[in-house]
Amino acid sequence: MSRVLVGVKRVIDYAVKIRVKPDHSGVVTDGVKHSMNPFCEIAVEEAVKLKEKKFIKEVVAVSCGPTQVTETIRTALAMGCDRGIHVEVSGKDYEAMGPLQISKIFAALAKKEEASLVILGKQAIDDDCNQTGQMTAALLDWPQGTFASEVTIDGEKVKVVREIDGGLETIKISMPAVLTADLRLNTPRYATLPNIMKAKKKKIANMKPADLGVDEPPTRLAGVKVETVDDLVAKLKANGTI
Amino acid sequence: DVVFAQKVHLNRICSILLVSQRFQSTLVVAEHNNDKLTPIMLSAITAAKKLGGDVSCLVAGTDCATVAQEVSKVLGVKTVLIAQNDAYKGSLTEELTPLILATQKQFNFTHICAGASAFGKVRVSAKLDVAPISDIIEIKSPDTFVRTIYARNALSTVKCNDNVKVFTVRGTSFEPTEVDGGSLFISVAASASAVMSEWLEATLTKSDCPELTSAKVVVSGGRGLKNGENFKLLYDLADKINAAGKWLLWMLDMMQVGQTGKIVAPELYIAVGISGAIQHLSGMKTIVAINKDPEAPIFQVVD
């Protein structure tokens, strides 16, 4: 029965130099290379490892967003997840979507799928929020092991070594629980060609937030404007601060 | 026409009164080790003060007296709320969240904040059903905040319409508040333990050097140094500089300090054998680079 839900986010590739739109309403995403958020890769790797060690039976990869996110789910399947769930959100709703709405979706799915663990990356490299894991745990009233650099399952509990400012902290939490992956948790595997081929046959279920009882449209933090740090640096140099 | 103008005027006064009914007040959730506040707290309190209303500080722990005393001396903190209970050992967020909720219910703050760290209080935000704003670097107004995105490559200005705003504060972006005031103490009833999480231990990196994120001079070595022997050269360099608050980093992976790792904003940053992706560098005042490769990106931003 033991099932793990892993969240994967499709983000602009970490190596890409981002550009702000001329009207400052956001960042240019059209035609830009996207890939799985690096911390989500680590989350997937940890889940697949737990399955290989026979602690859990099934790993389900979940992503929220437009059609393109199914590519990211396929990558997770190629890394070893058993099946995927695509929660479809597109257009303006997707742009307005934030960690709070995602947490609601994950919480609903965790209950529906009767997951023992939800593993997420500690943050996404686009919004850098570092919120979704914590809020998902809150909505489920589950314990959380965030910034995990080591995870050990011990019966009905999980021992988590967390990266904190100044060092490491060890906690023991009962399952079901939410974990968020930090950099040193593991080194994600590359999907091999045979696994990529196998992944094409694995199932990805499709659903909408409304199917999970999550309202649309989400409440949004209004008025997002974006400027580059380059401008800031230039200004600081100009007035002699640096 | 005169009557109409008067009516409009009256309506305006009514709405102003209604707004000021709920005074601005901020709750700062204290991060501490029963002995003293973590350095980031003084910056979080500065941010809270910038909002303009009353500032209260919640000190929860197994033994709060010392920290509560320290907080009461911080300039601008009006009230110190104390919650003492064994359940708060290790400051587990599962235990603190119900306490913060109960405190919010009791006092109805307009803002709740904490320092942006592994301790951060984002869990409570979901319970309040509001979207939190993480790691802010500037407060433009009580409802508008600035934060960085894309590994500090862009700034995002966010306006929050929720009736309680939850946010975390980047320590390096706000000057620490001075100490030497006095506040009122209130004891808050500690809630029953949630008993789902157990704090076992913490291994803190012992060193003579102060916290990395508040170091004035940072010398770091990257892949270009290739091996441990060369790092000895770095130690020698750091010794020669001998600046108060120097810290040495072994960086095997750029992401640890750069993209999403520790945020450092030292006065002087010396990068040896580091190619220097931009994520690494924002926030540093003076940058010196030593690198064999004259084409390395870091040279575009050095002084």
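Predicted model: local features only at pLDDT ≥ 70, side-chain atom pairs only at ≥ 80, totals over all residues.

I then listed the contacts of C81(A). Leaving out residues up to four places away in sequence, C81(A) touches V44(A), V48(A), V59(A), A61(A), A76(A) and K202(A).

Strand entry. Is strand 4 of chain B buried or exposed? I found 5 of its 5 residues (111-115) buried, so the strand is largely enclosed by the rest of the structure. H111(B), C113(B) and G115(B) point one way from strand 4 of chain B, while I112(B) and A114(B) point the other way.

Next I checked the pairing. Strand 4 of chain B pairs with strand 1 of chain B (residues 25-29) in the parallel sense, over 3 bridges. Within that pairing I noted I112(B) as the bridge partner of L27(B). Strand 8 of chain B (residues 165-169) also runs parallel to strand 4 of chain B, joined to it by 5 bridges. There F167(B) stands opposite C113(B).

Salt-bridge entry. I counted 21 salt bridges over all chains. For E71(A) and R10(A), the closest N and O atoms are 4.0 Å apart. E71(A) is in helix 2 of chain A (residues 69-79) and R10(A) in strand 2 of chain A (residues 10-12), so the pair ties together parts 61 residues apart in sequence. E71(A) counts as partly exposed because its relative accessibility is 47%. R10(A), at 19%, counts as buried, the cut-off for buried being under 20%.

I looked at E58(A) and R83(A) next; their side chains meet in a salt bridge at 2.8 Å, N to O. E58(A) belongs to strand 4 of chain A (residues 58-65) and R83(A) to strand 5 of chain A (residues 83-88), so this pair ties together parts 25 residues apart in sequence. At 18% relative accessibility, E58(A) counts as buried.

My last pair was K122(A) and D182(A), in a salt bridge of 3.1 Å, N to O. K122(A) sits in the loop between strand 6 and helix 5 of chain A, and D182(A) in the loop between strand 10 and helix 6 of chain A, 60 residues apart. Both K122(A) and D182(A) are buried. I also recorded one network, in which salt bridges that share partners join R3(A), E58(A), R83(A) and E113(A).

Key
Residues numbered from 1 in each chain as written. Chains lettered and ligands numbered in written order. Heavy atoms only, no water. Contact = heavy atoms within 4.5 Å. Buried < 20%, exposed > 50% of the residue type's maximum accessible area, 1.4 Å probe, protein only. Helix = DSSP H or I, 4+ residues; strand = E, 2+ residues; numbered from the N terminus. Pairing = 2+ DSSP bridges.
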